[in-house]
Amino acid sequence: MKNVRSLVCILAATFLLSGCWDRYELEERANVLGLAVDLAENESENEVTHQSGEFPDEEKNPSYKVTAQIALPGKIKLGPEGGGGEGSEKTAWILETYGHTLRDAMANLQQQLAEKLYLGHLQIIVLSDEVAKTGIGDINEYLRRNYEVRRTAWMIVNKKDAAKVLRAAPPLETVPALYLSDTLDNAVRFGKLPREYLGKFWIDVSDMGVDPVLPGVKVINNDRILVDGLAYFRGEKMVGLTNPMEIGTFMDMKEKSSGGYPISLSLDDHDGVFIVETQERKSDIKVDIKDGKPTATIKVEVDANIDEAIGATLNGPLVEKIEKKANEITEENCMKLLKQLQEKGSDVLGLGARIRAKHSAYWKTEVKTEDKWAEVFKDMEIKVSFDYTIRRTGMDWE
């Protein structure tokens with residue numbers, strides 16, 4: 001009798017199990033791998049979320065052209081295909097749609113598809129610089145609220161034509177969005193790019209006293225991308241773009257520890273050209289309040305190698321001169337970048353957050369808001385010093 005009761009209880013419990021009540025088969029999903037957002041020039045508006053001409057504050061909201069790269073189930077093969085990117089075109093479907101917001105555009109895109117849009121495999125979001133300069137608040141709002149979007153996806157900025165990035169067809173990878181994402185991941189691994197994922201961008205936007213950055217790219221020969229600099233923001237509006245060498249300058253000051261960009265230098269009293277490659281760096285940022293105004297000092301210790309010495313033979317005294325010259329060049333580059341950032345009021349180094357943490361009384365009485373800090377940051381005294389130590393010397397070319 002006891003066994004019968006136990007069996008009845010077990011059978012009754014099975015009716016309480018939910019099972020896969022909300023499952024979708026792979027073939028029933030439109031897996032979006034990449035999104036590109038441009039300003040619309042010739043809008044073809046669809047009446048999906050509103051009647052034509054009746055969108056709220058339509059004059060204040062620019063129209064977007066959204067390009068989506070969707071994976072074709074069953075077409076993705078293991079390993080690359082030849083033919084200069086022909087395999088990429090067979091494995092991904094490029095679609096365009098329009099909308100006054102990203103949410104509006106995605107609703108229009110869903111109206112064109114039989115399968116449910118799925119953003120769980122989204123690898124990359126490309127913004128044109130025109131979109132980034134107008135502000136990306138509604139784009140961030142849509143992506144942050146969508147639980148499917150991974151925080152480790154990349155958001156990047158391309159000059160003028162964002163859709164061009166998604167249309168690039170790399171011959172080494174059958175899925176273009178995956179290749180583009182791997183390019184950025186490897187740039188981080190090689191010390192050529194800070195780890196500024198989508199989630200990190202959102203953290204910086206939300207943190208008072210810090211402005212975010214995004215990688216800037218451009219397409220080369222329609223089959224690869226070049227990391228072309230860092231787009232720096234004031235809040236959620238892009239205000240400038242560095243050159244590629246200034247990525248290393250930013251990483252020097254922002255305590256990004258490993259890797260870097262080489263510098264080429266020559267000495268006034270010695271023939272030859274020397275290529276100095278950063279291996280490790282350690283940055284120490286200190287902030288203070290002097291005479292009622294915030295100040296900052298940034299001291300950077302760099303371990304480096306001389307990769308090449310062209311037209312010169314290295315010795316002890318010469319290495320010391322190279323270290324001194326490297327200090328002068330990098331300090332000058334840092335001050336140039338800081339001048340750009342201060343002119344735009346973009347505190348991507350997070351000095352405001354340090355002031356707010358260590359001198360909260362000053363922040364509460366003199367600053368209070370992000371806009372006020374941007375004005376204070378423009379006139380802030382910032383000193384940068386470098387200390388290069390050459391650990392190894394490379395080849396001599398005579």
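User: Which side chains meet Asp-303 and Arg-391 in a salt bridge, and how do I read such a pair?

Analyst: The general idea first: a salt bridge is a side-chain nitrogen of Lys or Arg within 4 Å of a carboxyl oxygen of Asp or Glu. Here the side chains of Asp-303 and Arg-391 meet each other that way, at 3.3 Å from N to O. This pair links distant parts of the chain, with Asp-303 in strand β12 and Arg-391 in strand β13 (residues 381-397), 88 residues apart. Keep in mind that this is a predicted model, where local features need pLDDT of at least 70, side-chain atom pairs count only at pLDDT 80 or more, and totals for chains, interfaces and linings use all residues. Residues are numbered from 1 along each chain as its sequence is written, and side-chain values use heavy atoms, leaving out hydrogens and water.

User: How many salt bridges are found in the whole structure?

Analyst: The search finds 15. One of them joins Glu-148 and Lys-116, whose closest N and O atoms are 3.6 Å apart. Glu-148 lies in the loop between α5 (137-145) and β6, while Lys-116 is in strand β4 (residues 116-118), so this pair ties together parts that are 32 residues apart in sequence. Glu-148 is buried at 13% relative accessibility, and Lys-116 is partly exposed at 30%.

User: What about the salt bridge between Asp-204 and Lys-200?

Analyst: That one is 2.8 Å from N to O. Both residues sit in helix α8 (residues 198-206), and because they are four residues apart, about one helical turn separates them. Asp-204 is buried at 7% relative accessibility, whereas Lys-200 is partly exposed at 25%.

User: How do I read contacts, say for Glu-301?

Analyst: A contact means heavy atoms within 4.5 Å. Glu-301 is in strand β12 (residues 293-310), and, leaving aside residues up to four places away in sequence, it touches Glu-280, Arg-281, Lys-282 and Asp-387. The C-alpha atoms of Glu-301 and Phe-386 are separated by 6.0 Å, although the two residues are 85 apart along the chain. Glu-301 is partly exposed, at 49% relative accessible area. For the protein chain, residues 24 or more positions apart account for 73% of the contacts with a separation of 6 or more.

User: Which residues form the positive surface patch?

Analyst: Patches are made of residues with over 30% relative accessible area and no salt bridge; like charges are joined within 9 Å, and nonpolar side chains (Val, Leu, Ile, Met, Phe, Trp, Tyr) within 5 Å. Lys and Arg count as positive, and the charge of a Lys is placed at NZ. Here the patch is formed by Lys-133, Lys-159, Lys-160, Lys-218 and Lys-344. Lys-160 is in the loop between β6 (154-158) and α6 (163-167), and counts as exposed at 62% relative accessibility.

Note on methods: Accessible areas come from the Shrake-Rupley method with a 1.4 Å probe; for residues, only the protein chains shown count as cover. Helices (H or I, at least four residues) and strands (E, at least two) are DSSP runs, numbered from the N terminus. Buried means under 20% relative accessible area, exposed over 50%, partly exposed in between (1.4 Å probe, protein chains only).
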